[in-house]
Amino acid sequence: MPQSSDACAALPQAWRFAGAVANGRHPLSTLIAPALWLVDAVLCCLVIWKVPYTEIDWVAYMEQVAQFVSGQRDYTKMEGGTGPLVYPAAHVYTYTGLYYLTDRGENIMLAQKLFAVLYMATLALVMLCYRQAKAPPYLLPLLILSKRLHSVFVLRCFNDCFAVFFLWLAIFFFQRRHWTLGSLVYSWGLGIKMSLLLVLPAVAVLLFLGRGLWGSLRLAWLMAQVQLAMAIPFLATNWRGYLGRAFELSRQFKFEWTVNWRMLGEDVFLSKSFSLALLALHAIVLSIFVTTRWMRPAQQPLPAMIRAMLQGKSPFTQQEEGRVSNRVTPAYVMTAVLSANVIGLLFARSLHYQFYAYLAWSTPYLLWVALPHPLLVFPLWLAQEWAWNVFPSTDVSSSVVVNVLLITVVSVYMSTAKDGDSEARRIAIEEKSK
């Protein structure tokens, strides 16, 4: 009996210990991230070693780069096996480096190893950003368990992998108030793939709050200069061709590859009215988040700020700019940028499997912000992971993809109402105590 009593008494202690570690309240919690990172490094090696490489776009990338290396600068004349070159200039420069490193694209194994390094570097950034935003360690296992994400990086070598790396590097810098560095790396990532346009509204808001009106305008001009500088060789040859191909917004997607809207049927998917409806909903939801959530750190009525800016004035005094900037916390940066990303994915005309790179590492954090309990976060994450691994997509898997995105967006919006108020009160108390 005494031994049985001791065992029963030890169970609650073990449970409390596990809870403290999982929620970051124990010194051992700091070991979870590096341990999981090492586990994932081994997993990447096993994937490369055991799982056959799948050719999709790598050969086409290399064919397009070979034309660039041979002197071609007209975007309308640069094509590969899967079609024309449809990515901005930074994509060409990035894959030109890989072209030379991998013996003109022939050494696929080396390319996979390089992408494994890229994956591990991105994962490290993601973990650092989660830590800076004070997310609990129990979310971290979800960052390394995605089958689809490993496939996108080390089995397909998509350019989305580089775009995602620079997105998280930008978040990393913005969380630390390195506004110029964050703007530069974000612009470079946008120059790899225009998918990063989805987070531009949130980036614009946080730069406005972090640097004020004139500082944010200078950073916007700096980002435009980066785009211009990298595109000069192509603009000088055929500027219409470059802009039309690199930033083509009217591209028609194939129904056979869609992950998100298959349940609507091909006729609806290809219709112009459906496309316009998605665009309108995207604009409306973004406007709601901007006006009622992301601009909250300003603590000023939006009409008054707009009126001041239309008059060529900053809506903040110099003292107010400092206070507003202090309210742009690491958690605010993560929530704003990642929610803008998920809103864009929810209303995207078509999502392909490589787009999971933008979603996989965002979802655990956003679900925790909205539904801060493992019993709510884990099932939704698992449903999403299952749906993105169904190939080809089905009506059921597409419905799950869209509904998890919808639940994430709605629940983040609902939950940040209270969080925003409590954060504002906390900052006000801190400012009064100084």
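Leu-125 is buried, with a relative accessible area of 9%, where buried means under 20% relative accessible area, exposed means over 50% and partly exposed lies in between, as computed with a 1.4 Å probe on protein chains only. The structure is a predicted model, in which local features need pLDDT of at least 70 and side-chain atom pairs count only at pLDDT 80 or more, while totals for chains, interfaces and linings use all residues. Residues are numbered from 1 along each chain as its sequence is written, and side-chain values use heavy atoms, with hydrogens and water left out.

Leu-125 is found in helix H5, helices being DSSP runs of H or I with at least four residues, strands being E runs of at least two, and both being numbered from the N terminus. Leaving aside neighbours within four places in sequence, Leu-125 is in contact (heavy atoms within 4.5 Å) with Phe-165, Trp-168, Leu-169 and Phe-172. Leu-125 and Trp-168 are 43 residues apart in sequence, yet their C-alpha atoms are 6.4 Å apart in space.

Helix H5 also holds Gln-112, which is buried with a relative accessible area of 4%. Not counting residues up to four places away in sequence, Gln-112 touches Ile-48, Tyr-53, Val-154, Leu-155 and Cys-157. From Gln-112 to Val-47 the C-alpha distance is 9.9 Å, across 65 residues of sequence.

## Two helix pairs

The axes of H5 and helix H7 (residues 160-175) come within 9 Å and cross at roughly 30°, where axes are lines fitted to C-alpha atoms, for helices over the stretch in contact, and angles run from 0 to 180 degrees between N-to-C directions. H5 and H7 are therefore roughly parallel to each other, since angles under 35 degrees count as roughly parallel, over 145 as roughly antiparallel, 65 to 115 as roughly perpendicular and the rest as oblique. The crossing of this pair is left-handed, a term used if the near helix is turned anticlockwise from the far one by less than a right angle, with right-handed used if it is turned clockwise. Among the residues that make the contact are Phe-115, Leu-118 and Leu-125 of H5 and Phe-165, Trp-168 and Phe-172 of H7.

Helix H8 (residues 179-192) and H9 pack at an angle of about 50°, with their axes 8 Å apart, and they are therefore oblique to each other. H8 passes H9 in a right-handed crossing. The contact includes Trp-179, Tyr-186 and Trp-188 of H8, together with Leu-200, Leu-207, Arg-211 and Met-230 of H9.

## The nonpolar core and a buried helix

The largest nonpolar core has 142 residues, of which Tyr-130, Trp-168, Leu-209, Trp-294, Trp-361 and Tyr-365 touch the most other members; such a core is a set of buried Ala, Val, Leu, Ile, Met, Phe, Trp, Tyr and Cys residues joined through side-chain atoms within 4.5 Å. Helix H9 (residues 200-246) contributes the largest share of this core, 16 residues. Trp-294, leaving out residues up to four places away in sequence, touches residues that include Pro-201, Val-205, Leu-209, Phe-289, Tyr-332 and Ile-343.

Eight of the eight residues of helix H16 (residues 363-370) are buried, so this helix is largely enclosed by the rest of the structure. Tyr-365 and Trp-368 are among these buried residues of H16.

## Loops with particular backbone geometry

Asp-103 lies in the loop between helix H4 (89-101) and helix H5 (108-132), and its phi is near 55°, a positive value in a residue other than glycine. At 52% relative accessibility, Asp-103 counts as exposed. Lys-134, in the loop between H5 and helix H6 (147-155), likewise has a positive phi, near 65°, and is exposed with a relative accessible area of 68%.

The peptide bond from Phe-391 to Pro-392 is cis, with omega near -10°. Pro-392 is found in the loop between helix H17 (374-388) and helix H18 (395-433).

## Annotated transmembrane regions

An unreviewed UniProt entry places the feature "transmembrane region" at residues 31-49, 114-133, 153-174, 195-214, 220-239, 273-295, 331-348 and 396-416; the positions are given in the numbering used here, feature names are shortened, and annotations may be inferred rather than shown by experiment. In the model, residues 153-174 are 82% helix and 0% strand, with end C-alpha atoms 25 Å apart. Residues 195-214 are 75% helix and 0% strand, and their end C-alpha atoms are 27 Å apart.
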